[in-house]
Amino acid sequence: MSLHRIFRAVIMGPPGSGKGTVSARITKTFGLKHISSGDILRANINAKTELGLLMKSCIDQGQLVPDDVISRLILRDLRAMEQNSWLLDGFPRTVSQAEALDDAYTVDTVINLNVPFQTIKERLTSRWTHLPSGRVYNTDFNPPKVPGLDDVTGEPLVQRDDDTPGTVTRRLKSYETQTEPVLEYYRSKGVLQTFSGTETNKIWPHVEAFLHRKLPTANRNVA
Ligand SMILES: Nc1nc2c(ncn2[C@@H]2O[C@H](COP(=O)(O)OP(=O)(O)O)[C@@H](O)[C@H]2O)c(=O)[nH]1
Ligand SMILES: Nc1ncnc2c1ncn2[C@@H]1O[C@H](COP(=O)(O)OP(=O)(O)O)[C@@H](O)[C@H]1O
């Protein structure tokens, strides 16, 4: 059965380290299903669901939403794709979330983007997001073809309410205290693979080569 084994991966890294950008390249190249906790939360906020309204102030203040809320949300989505290989982006962010995931699935590999905080701060205040798809742009790095509009749909891009300098500082702090222990958790399980650098275009070839080794064609989802 090993040829058709389902591949389950997590991508980690501080806010703005390029998780969304690298995830888009991974899904395109390897056909894994991409599940982004931030995209799911923002879709709830946008649709003004009860959950979205409850979580918005937490997110806008740069705090993590409660473990039980996000774990239930993500595990429910994962149950709907039991037969698919997937890439989790933004979850788990605490050891308690990692344990909840571990109770349900074995994670094959954890890709850790190790990008210095100084590099990140400059990026986030110039990030533009297409909310419905989660596609991200940057006024310097990958500007949209038409300023302010998504390349694929032509719909407007927005700046996230939590991409302000003060909130970015709080998000980096919560990354240090709450999320860095998750790296240790996965390191001790022997599944952590760290990629360090300041530019996504230099990091990406290493991630791609690593996944080519880990993920022979047979493991990929059929497009
Ligand atoms: N200048 C620069 N910006 C980048 C690079 N890689 C990604 N970005 C931009 O940085 C911002 C954060 O990247 P994103 O993928 O959203 O990171 P995430 O928060 O970890 O998911 C976005 O606006 C990206 O377009 C890079 O190598 N250089
Ligand atoms: N796994 C999670 N646990 C708790 N809060 C989360 C989680 N994922 C996302 N969030 C909330 O959503 C916000 C945005 O997350 P995300 O889109 O992953 O952004 P980034 O990677 O740029 O920080 C976080 O700052 C946090 O408030």
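In this predicted model, a backbone N or O atom of Gln63 sits 2.6 Å from an oxygen atom of ligand 2. Local features here need pLDDT of at least 70 and side-chain atom pairs count only at pLDDT 80 or more, while totals for chains, interfaces and linings use all residues. Residues are numbered from 1 along each chain as its sequence is written, chains are lettered from A and ligands numbered from 1 in the order in which they are written, and side-chain values use heavy atoms, with hydrogens and water left out.

Two further atom pairs involve ligand 2. A backbone N or O atom of Gly90 is 2.8 Å from a nitrogen atom of ligand 2, and a polar side-chain atom of Arg171 is 2.9 Å from an oxygen atom of ligand 2. On its own, ligand 2 exposes 550 Å², and the protein buries 96% of that (Shrake-Rupley method, 1.4 Å probe). The shell around ligand 2 holds 20 residues, with Lys19, Ser37, Arg42, Gln63 and Gly90 the closest; a residue is included if one of its heavy atoms lies within 4 Å. Helix α2 (residues 37-46) gives the most to this shell, with four residues. Helices (H or I, at least four residues) and strands (E, at least two) are DSSP runs, numbered from the N terminus. Sorted by class, the shell around ligand 2 has seven nonpolar, six polar and seven charged residues. In this scheme Ala, Val, Leu, Ile, Met, Phe, Trp, Tyr, Cys and Pro are nonpolar, Asp, Glu, Lys and Arg are charged, and the others, Gly among them, are polar.

Now for ligand 1. Of the 17 residues around ligand 1, Gly20, Thr21, Arg127, Tyr137 and Thr200 come nearest. Helix α1 (19-30) and strand β6 (135-138) each supply at least two residues of this shell, which by class has five nonpolar, eight polar and four charged residues.

Strand β3 (residues 86-89) is covered on both faces, with Trp86 and Leu88 buried on one side and Leu87 and Asp89 buried on the other. Buried means under 20% relative accessible area, exposed over 50%, and partly exposed in between (1.4 Å probe, protein chains only). Strand β1 (residues 8-12) pairs with β3 in the parallel sense over four bridges, and Val10 has Leu88 as its bridge partner in β3. Strand β2 (residues 33-36) also runs parallel to β3, joined by four bridges, with His34 partnered to Leu87. Pairing requires at least two DSSP bridges between the strands.

Two loop residues round out the picture. Val65, in the loop between α3 (50-60) and α4 (67-79), counts as buried because its relative accessibility is 9%. Leaving aside neighbours within four places in sequence, Val65 is in contact (heavy atoms within 4.5 Å) with Leu41, Met55, Cys58, Ile59 and Ile70. Asp150 is found in the loop between β6 and α7 (165-189) and counts as buried because its relative accessibility is 3%. The side chain of Asp150 makes a polar contact with the side chain of Arg135 (3.0 Å); such a contact is a pair of N or O atoms within 3.5 Å, where within protein one must be able to donate a hydrogen and the other to accept it, and residues adjacent in sequence count only if both atoms are side-chain atoms.
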